[in-house]
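Work through the exercises below with the sequence and the 3D structure at hand. Each task is followed by a solution in steps.

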Amino acid sequence: MSKTYDVIVIGAGSVGTPAAFYLSQAGLRTLVLDRLPSVGQGSNKAAIGGIRATHSDPAKIRLCLRSIEIISTWKECYGDEIEWYKGGYSFVAYREREEKILKELLATQQAYGLNIRWLDKEDLLEVIPDLNPEGLIGGTFSPDDGHASPLLAIHAFYRHAREQGAEFRFSENVCGLLIRGGRVSGVKTDRAEYGAEVVINAAGAWAAEVAGWAGLEVPVRPDSHEAAVTEPVARFLNPMVVDIRPIPGSANYYFYQHYTGQVIFCITPSPSIWGTDTRETSDFLPMVARRMVEVMPRLKNIRIRRTWRGLYPMTPDGFPIVGWVREVEGFLLAVGMCGQGFMLGPGVGELLSRMVQGRPEEEDHLVLKYLSPYREFAGQEKLK
Amino acid sequence: MNEHRIARHPILPVEERERVAFFWQGRELLARQGETIASALFAHGVRIFGHHPKDGAPQGIFCANGQCAQCLVLANGRPVKSCMEPVRPGMRVEPVEGLPELPRVNRAPAMGKIEEISVPALIIGGGPAGLSAAIELGRRGIETLLVDDKHRLGGKLVLQTHRFFGSTEAVYAGTRGIDIATRLENEVRALDCVHTWLRSTALAVFSDHKVGILREGRRYVLVRPQVLLCASGARERSLAFRGNTLPGVYGAGAFQTLVNRDLVRPAERLFIVGGGNVGLIAGYHALQAGIQVVGLAEILPECGGYKVHKDKLLRLGVPIYTSHTILSANGEEAVESVTIARVDERFRPIPGTERTFECDTVLIAVGLDPVNEFYLKAREFGLPAFAAGDAEEIAEASAAIFSGKIRGLEMARFLGRTEEKVPAAWVQMAEVLKSKPGKVFPEHPPENESGVFPVFHCLQEIPCDPCVAACPRHLIRIEGDIRRTPTFVPEDPEKGCTGCERCVVLCPGLAITLVDYRRDAEYPTVTLPYEFLRESIEVGDRATVLDTEGHVLGEVEVVGVKARKANDRTIAVQVRAPREYARRIAGLRVQREEAGRPLPYPVERTADDVVICRCERVTAGEIRALIRQGMRDISEIKALTRAGMGACGAKTCTPLIHRLFREEGVPEAEVVDQPKRPLFIEVPLGIFAGVQDEEEGDVQDL
């Protein structure tokens, strides 16, 4: 065995990298392994950058509230520019159906103490003047949500994690777990074996395969969504606009104006496109462009610069899976982020560090109950 | 007011065109009908189009080809690439200072469905390769769609005023590029089954085998071809040096577009970096347009282009500095001078050898890279595809014509529409036309000093043979391979050279003179080709004559100037010269020696602004630092610096980043490239929504 660590993290992505930051900050000898050539080259770089706490369940709300706190104070704490912009989120309603769904959720969200409110048409137009007023009923507005650059944020975690002593090995393929007497003892890669008492599966879209090495069936399978970025223009839009109206071909879509002035957008295909294919399709742009121009006609003149396609590691109920594996001691899952790895990552990373240290906070137990690998997976996330 | 236009040109017709009034910063200017905004601004001496939002750096023309976004302006409030957008009457054009304001829109526009069509053959690019392929397909009755992003067919041929090299039999050698374009276009237009979309840019090849096309700049169409030909040509390489993004630094292709397509005089004094054919020819085109060429620097000990092109430039009075590199373009808001230096054997500048030349423009002509993204994507996605011309391999246009022909036939075979095999002779000719310049021979002027005969100042093996067909008496021979140099074979004195001058005016290299001793053996008459304005030379003028490589031989009297229609704009100039050097005369100087003088002291640019990514303004220093930290994945460098995130889609900076890796001693195998993603150019979102834009309704074609 070439070297031993306290913790090995499989996957230097949106979850694994902040985890390494918090683990190394706690003084744990940490190794992160990734088969790709540098940090965040899997789904992190495909993330569009939105960060919201306005979910519908206490686990994600708590984790993302913490993520927002970390991301929004990062620059003052650590000095790196990660392009945090507190523009808020707005789920818009053009039909009674969506108005009803959103208002029902609103009660739950407010009950969890989230800063979110309903704005009627005129008030919403004050916040987002370029929304198409025709047929607009209103929408939710959560001003404390925002966005940051996934690329810069992950690099910030990466840089500081390394400064704290975490090691990262890239272009190295983990091909198996080392298990002795029912507990994990390390991992085997295409180059070497590394020892550790704790191994964290943060393998994103490939999490099920990694779990399989321990003989586990973890219900994570990726589907894919395409996204695009435009040229930068002067600021005209603050919140992330989310339209949850399903229409043939797509379930929902969302767009926002990034810190740099660029508009970034993404659509959820319906039915889902399962698999790991991230090649560009001809369906995406015509589908999303029409919906965006309908909701915000001003966008018709903004020029699209680049498109890409990223993977959403989905779970049956739309909630992440975070928790210790019962069958193999020392094996920790932080998988199935369902396309929200970037916004969940900092909060989850901190949580993982506390778990490894065996020092969970009071509220962590509730979170872990919701995200348990052994839950029923019967429910359905309401705001994906 | 229109002081920067070319009023008369020795080769190109200057048509009178209607004038269109538009406004630049509120000032009324006149454009030629159909002209792009960039050319219209250049024609009025405006070459700073705005300032970059990141660091306030002045922005102007760079590619003039719709690929980058340096030339962004606001036209009626919308950000547009000024090099592609035609001026419309009354258009209000403003510079882009900081981030542009997205125009407000009052109501949701009408949106149509995105059209999808199927076609057996799709050709991207209507240059020499694409047109030649279309002819082969069209002749066999195969429905073919040809798309090109420009206003007219011909690709870069339409910018070439010089006669072409190559084989007379196979590829119109001896004919001017602009005229070859017309011939190919006419052939294509005569074929009913070839459909041409101009001003139409391919945006992406998708994994579902559809190709997204921006039709006429305003409509998105998805085309599903059975077979694709990528004939999208080449893009110019950029170069890293201090001041490399100052307005006035741009590619040779951009220059040729401004000068030869739009008849704008964008410069008064020009310096060229790069001694390949592109740079050498750009120098010639500049002189034809009445622009001074202050010098040309080539980093290698010898120019890479054809020797005839280089010699021609030397004879016209352009100094060529081999083993020299550019250190900086100097100036605050635009180029005011250029500083070069000699390099050692490892291409490092030698201190103390710096020289500065006053100039307003620096052309970068340091090589071309294939535009082959669509081909690579098609192959990756399993869509049957071919590449031809520069998109396949960088070579001369004559080679592109031939490779297009071959690929056209191969596509017809692929579609099962012919059994014909590609003739071996085609394959052979394609290879010959692609060949790099070969051996150079010392000059051996004929010993004979009587009668009349041609003298060849063509000393390098290049694929070229128009002189053979030019001689009505078949006295000029090239044995076997057309890459050999020609010889004059006066077998029978009775049927010798008549002094018809056909070879003189037809030689694409302007490398044949005719020496005639018949009238006066002591002062023979020498006939030279001349491609400048007719009124610039008159009988009785004194002219400086030079040998093949530009050494001055003496001053002689012009005794004849013949501008015959049959000679297709090449003027035959006759001089009387002393017997001692008459046979060595190869050209007339047109540019005065003073034009190439350096400033008394070199200028040193102190700003450390070697820009690698010009879209996002990322410097060499920033990227070098990351390479030194150990980064090898270009995606990681991109994530941290934004290099490659700009409007050009990393087309310009990628080769420069690779070069930095090489300079830092990193083996190529360690470097990981970033993935290529659509779109090829930036396109308004509304286009994909099928928005019928009223304002865009009437696009005027040239």
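Two residues are in contact if their C-beta atoms, placed from the backbone, lie within 7 Å. The model is predicted, so local features need pLDDT of at least 70 and side-chain atom pairs count only at pLDDT 80 or more, while totals for chains, interfaces and linings use all residues. Residues are numbered from 1 along each chain as its sequence is written, and chains are lettered from A and ligands numbered from 1 in the order in which they are written.

**Exercise 1.** Find what Leu588(B) touches, and decide whether Leu588(B) is buried or exposed.

Solution. Start with the element: Leu588(B) belongs to strand S33 of chain B, residues 587–588 (helices, H or I of at least four residues, and strands, E of at least two, are DSSP runs numbered from the N terminus). Next, leave out residues up to four places away in sequence; Leu588(B) then touches Leu528(B), Tyr530(B), Ala543(B), Thr544(B), Val545(B) and Val573(B). Last, count neighbours: a residue is buried if 20 or more other C-beta atoms lie within 10 Å of its own, exposed if 12 or fewer, and partly exposed in between. Leu588(B) has 23 such neighbours and is therefore buried.

**Exercise 2.** Describe how helices H1(A) and H5(A) pack.

Solution. Take the geometry of H1 (residues 16–25) and H5 (residues 150–163) in chain A: their axes are 8 Å apart, at an angle of about 30 degrees. Axes are lines fitted to C-alpha atoms, for helices over the stretch in contact, and angles run from 0 to 180 degrees between N-to-C directions. Angles under 35 degrees count as roughly parallel, over 145 as roughly antiparallel, 65 to 115 as roughly perpendicular and the rest as oblique; H1(A) and H5(A) are therefore roughly parallel. Then list the residues: Thr17(A), Pro18(A), Ala20(A), Phe21(A) and Ser24(A) of H1(A) meet Ile154(A), Phe157(A), Tyr158(A), His160(A) and Ala161(A) of H5(A). By class, the residues of this contact are seven nonpolar, three polar and no charged (Ala, Val, Leu, Ile, Met, Phe, Trp, Tyr, Cys and Pro count as nonpolar, Asp, Glu, Lys and Arg as charged, and the others, Gly among them, as polar).

**Exercise 3.** How many residues does each chain bring to the contact of chain A with chain B, and which element of chain A gives the most?

Solution. Chain A brings 38 residues and chain B 43. On the side of chain A, H5, strand S12 (221–232), helix H7 (284–295) and strand S16 (303–314) each supply at least two residues. H7(A) gives the most, with seven residues.
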